[in-house]
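Please look at the sequence and the structure shown below. The paragraphs that follow lead through this predicted model, one region at a time.

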Amino acid sequence: MNHNKSEEKIPLLRIENLKKYYPIKGGIITHTTGYVKAVDGVSFQIYQGETLGLVGESGCGKSTIGRQLVGLEKPTDGTVYYKDHDLGRMNRKDVKPFRTKLQMVFQDPYSSLNPRKHIYEILAQPMLYHGISTKDSVEKDILNLLDMVGLPRSVLGRYPHEFSGGQRQRIGIAKALSLNPEFIVCDEPVSALDVSIQAQILNLLRSLQKELGLTLLFVGHGLGAVNYVSDRIAVMYLGKIVEMGEAKELFRNPVHPYTKALLSAVPVPDPDEREEGKKILMGEVGSSIDPPSGCRFHPRCPYATEICRQREPGMQETAPGSGHLAACPIVMTEESRREEA
Amino acid sequence: MSHLLEVEGLTTVFTGDYGETTSVDHVSFQVDEGEVVCIVGESGCGKSVTNLSVMGLLSRGGKVTEGKVMFEGKDLLAMSEKELDKIRGDQMTMIFQDPLTSLNPVFTVGNQIMESLRVHRGLSKDEARKQAEELLSRVGMPDAKGTMKKYPHTLSGGMRQRAMIAMALSCSPKLLIADEPTTALDVTIQAQIMQLLKELQRENKMAMILITHDIGLVAHMADRVIVMYAGQIIEEAPVRELFKHPKHPYTRALMDTVPTIRDTAERQLKAIPGIVPESYDHIPGCRFADRCSHRRPECDKPQENYEFGGGHTARCIVRKEGGIQDES
């Protein structure tokens, strides 16, 4: 890794105050009774050539962010800049060339592949439609793709149901790669796979990213897997990012109480590290329809004070220039006080 | 000393459209009183079917063709359904991965816990209600009295699993089988449920079989570990021994293939090549051989679980003959 990376970091995507509210319909005459605030004001950047991991528990909005970045969901508010192009304000025609640059790999490769088409068709059609390949060269291009994801050529005439989960995910990855994207959202790509297959797919993603210089957003709840593939990690809780930083630094020195709790809840595969009577996080994730006031984590937080209930904390750097941000003024002032003493 | 549960040569066959498949193949193991045994393996390795066979809960098409299941010295397989019902839900119970499918949606949570108390313990309605409430607060339900009147679908995943546990423990069973009880839950909720299970297990000196695919959870919970692959037990050992000196190449590979939160940037995961064989009954030798880096000609011969001392057995002839050494 390069040490003066800070100078060469070019943001590929800039996300500003992104929001997604889903209306809840109810009543006799159907009207909107409230909103599910899946993503509620999130800002961050994704740099060229990096893998950003996005972690959090189910319902925290991590998948929604991923879907918004590739244009599968329209943001309620906020902007997604791709290389300074505001994708949300473009019309369908203008946005088309950009869509191929932003691709997605889904959690369940079975439901994202058309069951009536064989693999050749699944891979060839998008390439022909977007003019990435021509009728004469498409076969060669497809064979290239299969090589890249480690599938034999015999798969081409077969249908999605004939494959195992791991192979299907390889097809899903080949499909995402077929349009020469620059950015791929991987939405829990290994959660549905067996343990022994997960490593194959994780290694494949890691090597493809290096080889092709891709930029990845890796959404997942398996913290080990996210740690393995990510350069930087963002932790979400109830529609907000609560902590963000270099992967190894964030997992070694977590600052936000939620990140700490999340990490300590992961069982470590070493029987000698059993912690009897370990403090674990109690309570459950609050509702995203009516999220808690102030800091959304305060009802479960052991350090919560009156201020946490009233004011929503902003992201602050833990140390100047560290790039490690956390949204918890309480812990951070305490820590700096301890350092001074 | 006799064991609480003794499974010997258990073989379960499923009959489907394409003929018969053996999904559990001569599996033998024991569980002692108050012990936590983890059965670990990938999906389709037979870990769930083994335990469904023990409980007599196989779905249609499944049949135990061979073997014995002894619970406190009584053969469960020889019992009638009626006799079994006296033991199931009373002295041995089971909790499942998805509590929503195992709770009855048209009865309240309280109603369902009370039913098992009234059937097995012969309590009156009022006594049962009182005890059900106690159970719910014991498993950490915030509002036990209110939860009694709730229907399963109104509870969150974690709370549903707590309700399941309350129901399973209502008659103070001697053996609890937990089939991936936290796979559907978030990791902070998983930690809560696991701590609860461990506490209850200790308090009641209950034996527990925990089925999981999560190596981390095994390290956290087990006294003894059974590793299954393609319908067979391929390794069995006390938990520390297994993690320090795994004998079977598959166990070793499984440990190397899991990414952890402690990994540094340098670590390269060792992926296991290939996939689990889809049908494995026709493979006479080692079923992992095709994916194994230590493969030798003798792997194709039928194998048994070889002894390595200290309660450690592994189904690997190459290891037994000294072809593989311990890695540190």
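In this predicted model, the largest pocket holds about 1,200 Å³ of space. Its lining consists of 48 residues, and those closest to the centre of the pocket are Gln198(A), His221(A), Gly222(A), His213(B) and Asp214(B). Both chains contribute secondary structure elements to this lining: at least two residues each come from α7 (195-212), β8 and α8 (223-229) of chain A, and from α8 (187-203) and α9 (215-221) of chain B. The largest share, 4 residues, belongs to α8(A). Sorted by class, the lining of the largest pocket comprises 22 nonpolar, 18 polar and 8 charged residues.

The next topic is the contact between the two chains. The size of an interface is often expressed as the accessible area that is lost when the parts come together. Here, chain A and chain B bury about 3,800 Å² between them, and 55% of this area lies on carbon and sulfur atoms. On the side of chain A, the residues that lose the most area to chain B are Val195(A), Arg274(A) and Glu284(A), which together account for 16% of what that side buries. In total, 41 residues from chain A and 47 residues from chain B take part in the contact.

We now turn to the sheets of chain A. Strands of a sheet pair through backbone hydrogen bonds, in either a parallel or an antiparallel manner. One open sheet of chain A is built from 8 strands in the order β6-β7-β8-β3-β9-β10-β12-β11, with mixed pairing. Its edges are formed by β6 (102-105) and β11 (316-317) of chain A; each has a single partner strand, and therefore one side of each is left without a neighbour in the sheet. The partner β7 (residues 183-187) of chain A runs parallel to β6(A) and is joined to it by 4 bridges. Within this pair, Gln103(A) has Ile184(A) in β7(A) as its bridge partner. Helix α10 (residues 257-265) of chain A packs on the sheet, where it touches β3, β9 and β10 (240-246) of chain A, and its direction makes about 100 degrees with that of β9(A). Helix α2 (residues 62-69) of chain A lies across β3 (51-55), β6, β7, β8 (215-220) and β9 (232-237) of chain A, at about 150 degrees to β8(A).

Another open sheet of chain A has 4 strands in the order β2-β1-β4-β5, and its pairing is antiparallel. Which strands stand at its edges? They are β2 (31-47) and β5 (85-86) of chain A; each has a single partner strand, so one side of each is left without a neighbour in the sheet. Strand β4 (residues 77-82) of chain A pairs with β5(A) over 2 bridges, and Tyr82(A) has His85(A) in β5(A) as its bridge partner. Helix α2(A) packs on this sheet as well: the helix touches β1 (11-26), β2 and β4 of chain A, and its direction makes about 70 degrees with that of β2(A).

The model contains 4 cavities of 30 Å³ or more. The largest cavity has a volume of about 70 Å³, and among the residues lining it are His248(B), Cys286(B), Arg295(B) and Val318(B). This lining divides into 8 nonpolar, 3 polar and 1 charged residues. The second largest cavity has a volume of about 50 Å³. Its lining includes Val105(A), Ile184(A) and Leu216(A), and the elements that give two or more residues to it are α6 (165-177), β7 and α7 of chain A. By class, the lining of the second largest cavity has 9 nonpolar, no polar and no charged residues.

Definitions and conventions:
Residues are numbered from 1 along each chain as its sequence is written. Chains are lettered from A and ligands numbered from 1 in the order in which they are written. This is a predicted model: local features need pLDDT of at least 70, side-chain atom pairs count only at pLDDT 80 or more; totals for chains, interfaces and linings use all residues. Side-chain values use heavy atoms; hydrogens and water are left out. Two strands pair if DSSP finds at least two bridges between them. Contact means heavy atoms within 4.5 Å. Axes are lines fitted to C-alpha atoms, for helices over the stretch in contact, and angles run from 0 to 180 degrees between N-to-C directions. On a 1 Å grid over the protein atoms alone, a cavity is a set of points where a 1.4 Å probe fits but cannot get out, and a pocket is an open set with protein on both sides within 12 Å along at least five of seven lines; lining residues have an atom within 4 Å of a point. Grid points are joined across faces, edges and corners, and a volume is the space filled by probe spheres set on the points. Ala, Val, Leu, Ile, Met, Phe, Trp, Tyr, Cys and Pro count as nonpolar, Asp, Glu, Lys and Arg as charged, and the others, Gly among them, as polar. Buried area is the accessible area (1.4 Å probe) that two parts lose on being put together, summed over both.
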